[in-house]
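Colleague: I have a model open and would like to learn how to read its features. Could you take me through it?

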Amino acid sequence: MRKLDKTIISCAVTGAIHTPTMSPHLPITAEEIAGEAIAAAEAGASIVHIHVRDEETGEPVTDLDLFQQVAETIQAECDAIIQPTTGGGPGMPVEERISVVPELEPEMASCNMGSINFGLYQLLPRFDEFEYEWERGHLASSRDYVFRNTFEDLEHILPTFDAHGTLPELEVYDVGHLYNAKHMNDRGLLPTPLHIQFVMGIHGGIGATSKNLNHLIDVAEELFGDDFSFSVIGAGRHEFPLGTQAVSMGGNVRVGLEDNLFIERGQLAESNAELVEKMVRLTHEVAGREVATPAETREFLGVKGEAETNI
Ligand code: KMH
Ligand code: ZN
């Protein structure tokens, strides 16, 4: 496994999972999303993972103007690596999701390495009513939703990343997705070294346990030897325990309101920066490691630099 002597902290500021009723701190508008990303970078995040939302209702969208507006605002204020999603939101066709890569030609983007059931319906009982009409359907419809990333999709997605010089951050939700990555690597569609994000605790993906993280790392080492680095997303309450285990093992970590709304059990985080600050403290105090700067992160991941993007 490739290790940097410091820890790369990523921050996913809004995502497409959580809805406005779940937290008043979830950034919605382009200005709010960019502001949260800048503050997260100032708190120590060297990568900011970006989704965009309808500015009136907060519904996840793939609006390239909004992506461009968010990215330009962030780039003007900090040097964090801007990493747009190609996962989009529930039900978005792959063509729509991937369109952000030719548009922004970003240094990095998320690249989902396989299909899974992606359940959000289990969150419904927590809420009697919703601020916006779309929220209930967004959650309820996930009972019958498959987050689609077929081999044919990947045969289109991966060459698109390559054509625009965008490093794919491989979002791996289960062990089989590592074999998908190996298959694409064998076919010359996915060059090493890889940067793998183990996404743990999604309802439909691998469980967020310490043993499962160790297993994912073992399988990745079996398939890719030292030709990969990893980061971990622990969904919800798993964010900090699994993140701390990952960092202690020389891995990296993603935090943020996309994946977790709470700073402590039952206490909503008031900002993404608050989550980053907590992860910085855990990195220093528990794992005894320093946090990587954007420059150190760029050098380690081998991304192309801001000047080569279309932002
Ligand atoms: N939503 C996270 C569970 C993406 O946006 O492409 C994983 C993610 C994938 O962030
Ligand atoms: Zn995302």
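Modeller: Gladly, starting with the metal. Donors are N, O and S atoms within 2.8 Å of the metal (3.2 Å for Na, K and Ca), and water is not among the atoms, so sites may look incomplete. Here His49 (NE2), His51 (NE2) and Glu258 (OE) coordinate the zinc ion (ligand 2) at 2.0 to 2.1 Å. One caution: this is a predicted model, where local features need pLDDT of at least 70 and side-chain atom pairs count only at pLDDT 80 or more, while totals for chains, interfaces and linings use all residues. Side-chain values use heavy atoms, with hydrogens and water left out, residues are numbered from 1 along each chain as its sequence is written, and chains are lettered from A and ligands numbered from 1 in the order in which they are written.

Colleague: How are the donor residues of the zinc ion spaced in sequence?

Modeller: The pattern is H-x1-H-x206-E. His49 in strand 2 (residues 47-50) and Glu258, in the loop between strand 12 (252-255) and strand 13 (262-264), are 209 residues apart, so this pair links distant parts of the chain. Strands are DSSP runs of E, at least two residues, and helices are runs of H or I, at least four, numbered from the N terminus.

Colleague: Which polar side-chain atom lies 3.0 Å from an oxygen atom of ligand 1?

Modeller: One belongs to His49. A polar contact is a pair of N or O atoms within 3.5 Å. Arg254 also places a side-chain N or O atom 3.0 Å from a ligand 1 oxygen, and a backbone N or O atom of Gly87 lies 3.1 Å from one.

Colleague: Where is the cis peptide bond?

Modeller: Thr192 and Pro193 are joined by it, with omega about 0 degrees. Pro193 is in the loop between helix 7 (175-186) and strand 10 (194-200).

Conventions:
Polar contact = N/O pair within 3.5 Å; in protein donor to acceptor, adjacent residues only side chain to side chain.
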